[in-house]
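Subject: Structure handover

Hi there,

Here is the structure I promised to pass on to you. Please open it alongside this message, as my notes follow below it.

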Amino acid sequence: MPPTSRRALPALGLLATLALAACGSGSAAPAGDATTTPAADATTPSSEPVEVATLDPRVVLTYDGGVMTLDTSSGEILDDVEMEGFLRLNPAGDGRHVLVSTTEGFHAYDTGLELQGHGDHHHYYASAPSLTDTVLAADTPGHVVTHAGRTALFADGTGEVQIVDPLVLVEGAPQAETWTAPDAHHGVAVPLADGAMLVSVGTEDGRTAAALLDADGAELATGPCPGLHGEAVAAGSAVVVGCEDGPLVLRDGEFHKVPVEDEYARSGNLAGSSESAVVLGDYKVDADAELERPERVALIDTRADSVRLVDLGASYTFRSLARGPHGEALVLTTDGTLRAIDPDSGEQMGQVAVVEPWEEPTEWQEPRPAIASVDGVAYVTEPAASALHAVDLSTGQVVRTYDLPHVPNELSVATGFSPAEPTAAAPAGEHEHEHHDDEDGHGH
């Protein structure tokens with residue numbers, strides 16, 4: 001497909017034949033290429049829940065000095081709270097709360113979207129978003145991973161893992177099951193069925209392997225994974241972790257090393273989907289590069305333990321990867337283009353020009369365009385313009401652009417639907433691997 005000018009957009013190939021997967025959660029934005037500036041006299045939601053007809057997604061964004069929340073229907077900034085330090089966002093796993101990584105630990109932020117089940121139907125409620133008093137204490141908070149109805153929080157400073165039920169966050173700090181690694185490190189834990197857990201193995205000098213633990217913490221299996229970083233769960237519950245010598249797959253209780261041609265082949269940032277057995281990952285081959293700007297992505301097949309490399313013709317960063325509602329691999333490249341790739345064939349299904357061309361900053365904490373995909377809509381930040389764009393993946397069009405009062409950095413989208421809800425429209429990869437981590441092994 002030939003290049004396209006900004007917002008003169010073609011349909012996203014195969015996606016154009018697929019209906020927007022709203023699944024009862026409401027439309028992310030009205031059709032049409034509209035630019036929205038939050039109205040000064042917009043009505044602020046009540047602090048008390050009010051029943052509404054639909055739940056319109058809310059986008060939580062960090063900036064230098066705080067966190068703000070945007071309502072995708074009205075375009076209004078519903079909340080803007082000042083917070084110190086470099087802030088990271090992690091979906092809590094209940095569709096409602098976002099965990100903000102701070103020096104104290106994981107601070108629960110309530111987006112104000114609530115779903116209540118009543119037999120064969122649901123009621124929707126909305127209230128003003130706010131930073132709660134709930135803090136899950138952690139020394140150097142790191143990865144947050146939700147899977148199998150549980151959320152694992154990893155503290156890099158101590159190696160402690162907290163396993164919580166995210167649905168309890170609405171009542172305050174949930175009771176946590178804990179497990180502590182033998183050595184503190186920049187690690188990760190993935191909750192599995194029957195109380196099992198995948199955990200990283202390492203020290204403060206680096207990670208070397210992954211281990212499978214049973215519900216009592218006993219080690220069942222290990223797999224080599226030098227430089228382990230990044231995790232994702234695919235359809236069929238296979239788990240992929242990124243290594244510096246090719247990915248490692250946990251399937252049916254056993255680890256499988258994926259062969260690669262390059263001696264150094266790092267996939268440290270991964271995105272999975274319950275609609276696909278293939279995991280999307282970055283792919284770097286220069287072990288000595290201070291900042292490598294790869295132009296190929298990896299499609300990791302968890303059934304065949306194989307990697308297909310796709311040449312994009314442009315570079316991307318660790319905030320560039322997402323999955324579409326049908327498992328499409330989405331990549332936002334530095335030429336400003338959002339590309340949709342068939343995860344099985346590696347063929348490009350379509351592309352749209354969303355933001356102006358940009359260059360990856362040297363420091364990984366610096367703002368750069370980021371993407372999050374829910375309900376068939378890809379939300380893309382454009383720090384250079386202090387803007388947020390909504391791309392309808394079924395039509396391949398930028399349907400709305402929101403002007404922001406601050407330069408955005410990280411983003412997380414809340415729909416009100418938890419991953420356990422059968423009507424939740426968000427791709428599973430977005431809550432099983434919601435946290436794209438920093439590049440090149442940097443700590444948080």
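This is a predicted model: local features need pLDDT of at least 70, side-chain atom pairs count only at pLDDT 80 or more; totals for chains, interfaces and linings use all residues.

Residues are numbered from 1 along each chain as its sequence is written, and side-chain values use heavy atoms, with hydrogens and water left out.

Let me start with strand β30 (residues 337–341). Strands here are DSSP runs of E with at least two residues, numbered from the N terminus. In β30, 5 of the 5 residues are buried, so the rest of the structure largely encloses this strand. Buried means under 20% relative accessible area, exposed means over 50%, and partly exposed lies in between (1.4 Å probe, protein chains only). In a regular strand, side chains alternate between the two faces of the sheet. In β30, Thr337, Arg339 and Ile341 point one way, while Leu338 and Ala340 point the other way.

β30 has antiparallel pairings with β29 (residues 329–332), over 4 bridges, and with β31, over 5 bridges. Two strands count as paired if DSSP finds at least two bridges between them. Leucine 330 stands opposite alanine 340 of β30, and threonine 337 has alanine 353 in β31 as its bridge partner. The hairpin of β29 and β30 has 4 residues between the strands, and glycine 336 in the turn has a positive phi of about 90°. In the hairpin of β30 and β31, there are 6 residues between the strands, and glycine 346 has a positive phi near 80°.

Which residues other than glycine have a positive phi near 50°? Aspartate 305 is one of them, in the loop between β26 (296–301) and β27 (306–311); serine 386 is another, in the loop between β33 (377–382) and β34 (387–392). Most residues other than glycine have a negative phi. Aspartate 305 is buried at 14% relative accessibility, and serine 386 is buried at 18%.

On to charges: the structure holds 11 salt bridges, each defined as a side-chain nitrogen of Lys or Arg within 4 Å of a carboxyl oxygen of Asp or Glu. Among them is the pair of aspartate 344 and arginine 303, at 3.3 Å from N to O. Aspartate 344 sits in the loop between β30 and β31 and arginine 303 in the loop between β26 and β27, so this pair ties together parts that are 41 residues apart in sequence. Aspartate 344 is partly exposed at 48% relative accessibility, and arginine 303 is exposed at 52%.

Glutamate 360 and arginine 368 form another salt bridge, with their closest N and O atoms 3.8 Å apart. Glutamate 360 is buried at 4%, as is arginine 368 at 1%. Salt bridges with shared partners also join Arg88, Arg319 and Glu410 into one network.

Finally, Asp64, Glu290, Glu363 and Glu366 gather in a surface patch of negative charge (residues with over 30% relative accessible area and no salt bridge, like charges joined within 9 Å). Glutamate 366 lies in the loop between β31 (348–353) and β32 (371–374) and is partly exposed at 41% relative accessibility.

Best wishes

How values were computed: Patches are made of residues with over 30% relative accessible area and no salt bridge: like charges are joined within 9 Å, nonpolar side chains (Val, Leu, Ile, Met, Phe, Trp, Tyr) within 5 Å. Accessible areas come from the Shrake-Rupley method with a 1.4 Å probe; for residues, only the protein chains shown count as cover. Lys and Arg count as positive and Asp and Glu as negative; His and the chain ends are not counted. The place of a charge is taken as NZ of Lys, CZ of Arg, CG of Asp or CD of Glu.
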